[in-house]
Amino acid sequence: MLTGPQKRFLRKEAHGLHPIFQVGKGGVNPNMVSQISDALLARELLKVSVLQNCEVPKEEVAEMLSERTGSELVQLIGRTIILYKESRKNKQIELP
């Protein structure tokens, strides 16, 4: 579980990132979850964009992705989800 200062730090780090995944009409599927998990292992911090044609509410999408990838939900702002998962092998981000 992330503390307030840690979330603020991660939001600052994610500011310059662009979303690398998009959730559309098909919603969250197992293939997408495995790709996001792999990306989290490589990057630790990433953004996911929820498209307007997504039939599932963005809050549910954020919760599903967080649960299924084993990551922490840093922030849901607008239609952008910020996820963080500490990497054991490729640690790049030192939390305060």
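Over residues 1-96, the chain is 39% helix and 21% strand, with the end C-alpha atoms 13 Å apart. Helices (H or I, at least four residues) and strands (E, at least two) are DSSP runs, numbered from the N terminus. The model is predicted: local features need pLDDT of at least 70, side-chain atom pairs count only at pLDDT 80 or more, and totals for chains, interfaces and linings use all residues. Residues are numbered from 1 along each chain as its sequence is written, and side-chain values use heavy atoms, without hydrogens and water. An unreviewed UniProt entry lists residues 1-96 as "domain: CRM"; such annotations may be inferred rather than shown by experiment.

E44 sits in the loop between α2 (30-43) and β2 (45-50). Its phi is near 75°, a positive value in a residue other than glycine. E44 is buried, because its relative accessibility is 0% (buried is under 20% relative accessible area, exposed over 50%, partly exposed in between; 1.4 Å probe, protein chains only).

Q52 lies in the loop between β2 and α3. At 70% relative accessibility, Q52 is exposed. Q52 and R79 are 27 residues apart in sequence, and their C-alpha atoms are 8.2 Å apart in space.

Helix α3 spans residues 58-69 and includes E63. E63 is partly exposed, at 49% relative accessible area.
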